[in-house]
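Keep the structure open while you read.

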Amino acid sequence: MARKNLNRAGGLSDKASDIILVAITAAVLFVVAYPLYYVVVASFSDPYDVYAGKTFLFPSGFTLDGYKAVFAEKSIVSGFLYSVLYTTIGTIFSVVMLYITAYPMAQKDLPGRKLLSLFFIITMYFGGGLIPTYLVVKKTGLIGNMWSLFLPGGVAVGNMIIVRNYFQNSIPHDLVEASEIDGCSKFRTFISVVIPLSMPILAVMAVFSMVAYWNDWFTAMIYLGGKGQPLPLVLRGILIKSSASSAQASLISGGYAELNKLTEMIKFCSMIVAALPMLIVYPFVQKYFEKGFMSGAVKG
Amino acid sequence: MIQMSKATTISQGGAAAARLHSKSLGRRILDNWQMYALLLIPVVLTIIYKYIPMYGIQIAFRDFTPSKGFTGSTWVGLKWFQRFFSAPTCSRMIRNTVLISLYSLLWSFPIPIILSLIINQLRFQRYKRVVQTVLYAPHFISIMIVCGMIRIFLSPSGGLLNLILGTSTDFLTEASAFRTIYIASGIWQDAGWGCIIYLANVDPGLYEAAKMDGASVFQRILHIDLPALLPMAVLNLIMAAGGLMNVGFEKVWLLQTDLNKATSDVIAVYVYQQGIENAKYSYSTAVGLFNTAVNIILLVIVNKIASKLSDVEFV
């Protein structure tokens, strides 16, 4: 366009500013992505080469032994399976809870709506704190039970408000009204009109819960009582406490040095195995993030 | 209830509203029985796991024993609070908690704004998409893994940072490095994700107009993007200031070593150790309550400021 060269006030031309913007963002990309890239490279490398600084860009002494050891390690495999179990049930539970709360709360003519709204929103700002909540969970017999991970969280109120606003703002009111005039009950309308029309926000919320359950370890640590540990809690033993299990020790014939080498490889590989599932999932719903937030953030 | 039916009239309009308006309250409740049925489980869960623990906060003033329950245990007044304030590490924990979150706020508040201003100017859609995808990635990684990465990268023998610097410092044993580690890794993990609320806020029409007028990128940022995201930024700042005492337990606990405690000892970790590890239920609850009380005071103050600001700026 001819207009391009008409920049007033001595500003940069669009082309020059494009170059600068791309350069800045490329630098930011590098800073964010490099640590992850480094872990991937290190997971395929000989740990001695990693610690000698030979793996800044490419693997050195390429090996898959780390991954083999990860998949041979019982605690990691069982942690992975437990995480899959908790994430699956937790996500379904959370999304159902969100929906069955958000839909009634989106009914502008629901008597008592304001009071109910207050009832939920208060819990966003005030809580009983760690110990009183722990004592109630204990009293209700959930310690050591998988449901201790799901029930106390109950309704995620912040997300519930986003879903409620989505129902109010993004579901065409005419469709809901038409369905009700046709004789559908509110529940019927919810199932056959509102839910199918809310797939974008459903996808976003499902991914949010998925990520939360997959990455959670604190709840599992205090409520599960050592049983059925999910993957991040297993990783704590490997990454933070740096303990090698006796199972590893018995696998290795090469003595302490070999064991040490394997322990280091397992650190990198187990991080990749634990992080990968969520890193694969989120780009699929990424386009809905902003949209979901925008329509959800507008006050209804 | 009169108010409510008024609201109904306004929001729905037309025949439907007139129909609703004419119904009695009892009738409307009956009409909505399915909605109340849906709410039953969420309400019960919220009462049990949110409201009963709130009621249980009173054990901060009692000598709680599990057999006597929340209300049956002996009343001890402010005993536990006095014990906390006379604990040798009390002032250190309060100072560390405030400093960690204050510095976190100062650094991690402006960065997402600057990032989103830059991202919004990117004109190559595919590149923009890639930038966003990569920047969001760390947010989806467990704090456990992030702390594992921090420990490996900062390791004195062969850690990435020492390899780059050519040193062999054990950063996690240096009290002076703790806050920097905590905050820098926090920015790495969440600054990209923090952009999301600032992105796509701008009316595209405004943009085209500015381009036609020959505004440079910098002028467009200054006159279009920045004013568009300012209300959200103010709101965010207020919310963050209200949670100033909320230093997350998880990351501090995972990065704490015996040698960096001078700066890494925070209230949240103490609450966990006293409560869960040592089973001092009442004492831990009292310490937690003190933390919450400070937060509530901050929230009220910030809210006051917010409503004043909104009178001036938003309306």
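Q: Over which residues of chain B does pLDDT stay under 50?
A: This is a predicted model, in which local features need pLDDT of at least 70, side-chain atom pairs count only at pLDDT 80 or more, and totals for chains, interfaces and linings use all residues. Residues are numbered from 1 along each chain as its sequence is written, while chains are lettered from A and ligands numbered from 1 in the order in which they are written. The pLDDT is the predictor's confidence in each residue, from 0 to 100. In chain B it stays under 50 over residues 1–15.

Q: How many contacts beyond four places in sequence does the model have for residues 1–15 of chain B?
A: Two residues are in contact if their C-beta atoms, placed from the backbone, lie within 7 Å. Where pLDDT is low, the predicted coordinates should not be read in detail. For residues 1–15 of chain B, the model has 14 such contacts beyond four places in sequence.

Q: What is the mean pLDDT of chain B?
A: In chain B, 89% of the residues reach 70 or more. For the complex, the predictor gives a pTM of 0.86 and an ipTM of 0.87. The mean pLDDT of chain B is 85.

Q: How many helices and strands are there in chain A?
A: Helices (H or I, at least four residues) and strands (E, at least two) are DSSP runs, numbered from the N terminus. Chain B has 18 helices and two strands. Chain A has 14 helices and zero strands.

Q: What share of the residues of chain A counts as buried?
A: A residue is buried if 20 or more other C-beta atoms lie within 10 Å of its own, exposed if 12 or fewer, and partly exposed in between; C-beta atoms are placed from the backbone. In chain B, buried residues make up 33% of 315. Chain A has 300 residues, and the buried share is 39%.

Q: Into which domains is chain A divided?
A: Domain bounds come from an automatic or database domain assignment. For chain B, that assignment gives domain 1 (2–63) and domain 2 (83–313). For chain A, the division is domain 1 (14–63) and domain 2 (73–300).

Q: What distance separates the centres of domain 1 and domain 2 of chain A?
A: The two domains touch through five residues from domain 1 of chain A and seven residues from domain 2 of chain A. Helix H1 (residues 14–43) gives the most to the domain 1 side, with four residues. Taken over C-alpha atoms, the centres are separated by 31 Å.

Q: How many residues does the contact between the chains take from chain A and from chain B?
A: Ala, Val, Leu, Ile, Met, Phe, Trp, Tyr, Cys and Pro count as nonpolar, Asp, Glu, Lys and Arg as charged, and the others, Gly among them, as polar. The contact takes 80 residues from chain A and 81 residues from chain B. By class, the chain A side has 53 nonpolar, 17 polar and 10 charged residues.

Q: Is B:Lys50 buried or exposed?
A: B:Lys50 sits in helix H4 (residues 33–56) of chain B. Leaving aside neighbours within four places in sequence, B:Lys50 is in contact with A:Thr123, A:Gly127 and A:Gly154. Because B:Lys50 has 24 C-beta neighbours inside 10 Å, it counts as buried.

Q: Why does B:Ala279 count as exposed?
A: B:Ala279 lies in the loop between helix H17 (267–277) and helix H18 (281–313) of chain B. Although B:Ala279 is not a glycine, it has a positive phi of about 55°. B:Ala279 counts as exposed because its C-beta neighbours inside 10 Å number 11.
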